Amino acid sequence: MIRRYGNPPRPGQRHHLRPGAYGLLVRDGRLLLTHQATPEPEFQLPGGGIDPGETGLRALHREVFEETGWSIGAARHLGSYRRFAFMPDYDRFAEKLCHVWIARPVLRLYAPIEPHHSIRWAGPDRAMDLLADPGARAFLRRFRHLV
């Protein structure tokens, strides 16, 4: 069974399935996080939706680059969780199927190209305090020994 976070749909409420790829990006004992300023300011694991026809690993590379400007290497899949959430950018409720990898940021190529995104390096304890998503925090807690 895949662990679930957030509030499941109420009767009559539809959640659209949205698979996504997210990364615990570790370098020198710190994690590379992304801060999304709008619509609600929050720190997140870099990542996002897997587009139709795209593999999860390809989506991870693309999303990390868009949100952080970094290229990554040595990605290894850790597991998955489900998260029920409202997606204000799309004005819909989603059942996010979050696939999580651990990877190493290799080279910073650009500043983030995704609007309203910036990066933040944090140690594991600080990252636990910053991350808004309880599923992301659970993965960090579970795999902290890899940081």
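Q: Where is His-116 found?
A: His-116 is found in the loop between β7 and β8 (117-122), where strands are DSSP runs of E with at least two residues and helices are runs of H or I with at least four, numbered from the N terminus. This is a predicted model, in which local features need pLDDT of at least 70 and side-chain atom pairs count only at pLDDT 80 or more, while totals for chains, interfaces and linings use all residues. Residues are numbered from 1 along each chain as its sequence is written, and side-chain values use heavy atoms, with hydrogens and water left out.

Q: Why is His-116 called exposed?
A: The relative accessible area of His-116 is 51%. Exposed means over 50%, buried means under 20%, and partly exposed lies in between (1.4 Å probe, protein chains only). His-116 is therefore exposed.

Q: What makes the phi of His-116 worth noting?
A: Phi of His-116 is near 65 degrees, which is a positive value in a residue other than glycine. Most residues other than glycine have a negative phi.

Q: What is the phi of Asp-28, and where is this residue placed?
A: Asp-28 has a positive phi near 55 degrees and is placed in the loop between β2 and β3. Asp-28 has a relative accessible area of 70%, so this residue counts as exposed.

Q: What makes the peptide bond from Thr-38 to Pro-39 cis?
A: The omega of this bond is near 5 degrees, and the bond is cis. Most peptide bonds are trans. Pro-39 is placed in the loop between β3 and β4 (42-44).

Q: How do you know that β6 and β7 pair?
A: Pairing needs at least two bridges found by DSSP between the strands. Strands β6 and β7 (92-108) have 15 bridges, in the antiparallel sense.

Q: What makes β1 (residues 4-5) and β6 (residues 70-87) a pair?
A: These strands are joined over two bridges, in the parallel sense. Tyr-5 stands opposite Arg-83 in β6.

Q: What makes a set of residues a nonpolar core, and which members of the largest one touch the most others?
A: A nonpolar core is a set of buried Ala, Val, Leu, Ile, Met, Phe, Trp, Tyr and Cys residues joined through side-chain atoms within 4.5 Å. The largest such core has 23 residues, of which Leu-24, Leu-31, Leu-33, Leu-45, Leu-78, Tyr-81 and Leu-140 touch the most other members. Elements that each supply at least two residues of this core include β2 (16-27), β3 (30-36) and α2 (124-130). The largest share, four residues, comes from α3. A second, separate core of 11 residues includes Ile-50, Ala-59, Trp-101 and Ala-103.

Q: Why is His-15 called buried?
A: The relative accessible area of His-15 is 13%, so this residue is buried. Leaving aside neighbours within four places in sequence, His-15 is in contact (heavy atoms within 4.5 Å) with residues including Asn-7, Pro-9 and Phe-84. His-15 is placed in the loop between β1 and β2.

Q: Why do Asp-51 and Arg-18 count as a salt bridge?
A: A salt bridge is a side-chain nitrogen of Lys or Arg within 4 Å of a carboxyl oxygen of Asp or Glu. The N to O distance between Arg-18 and Asp-51 is 3.9 Å, so the pair qualifies. Asp-51 lies in the loop between β5 (47-49) and α1 (56-68) and Arg-18 in strand β2, so the pair ties together parts that are 33 residues apart in sequence. Asp-51 is partly exposed at 34% relative accessibility, and Arg-18 is partly exposed at 24%.

Q: What is the N to O distance between Arg-62 and Glu-54?
A: Their side chains meet in a salt bridge at 2.8 Å. Arg-62 is buried, with a relative accessible area of 16%, and Glu-54 is buried at 18%. Both residues belong to a network of salt bridges that also links Arg-18, Asp-51, Glu-63 and Glu-66.

Q: How many salt bridges does a search of the whole structure find?
A: The search finds eight.
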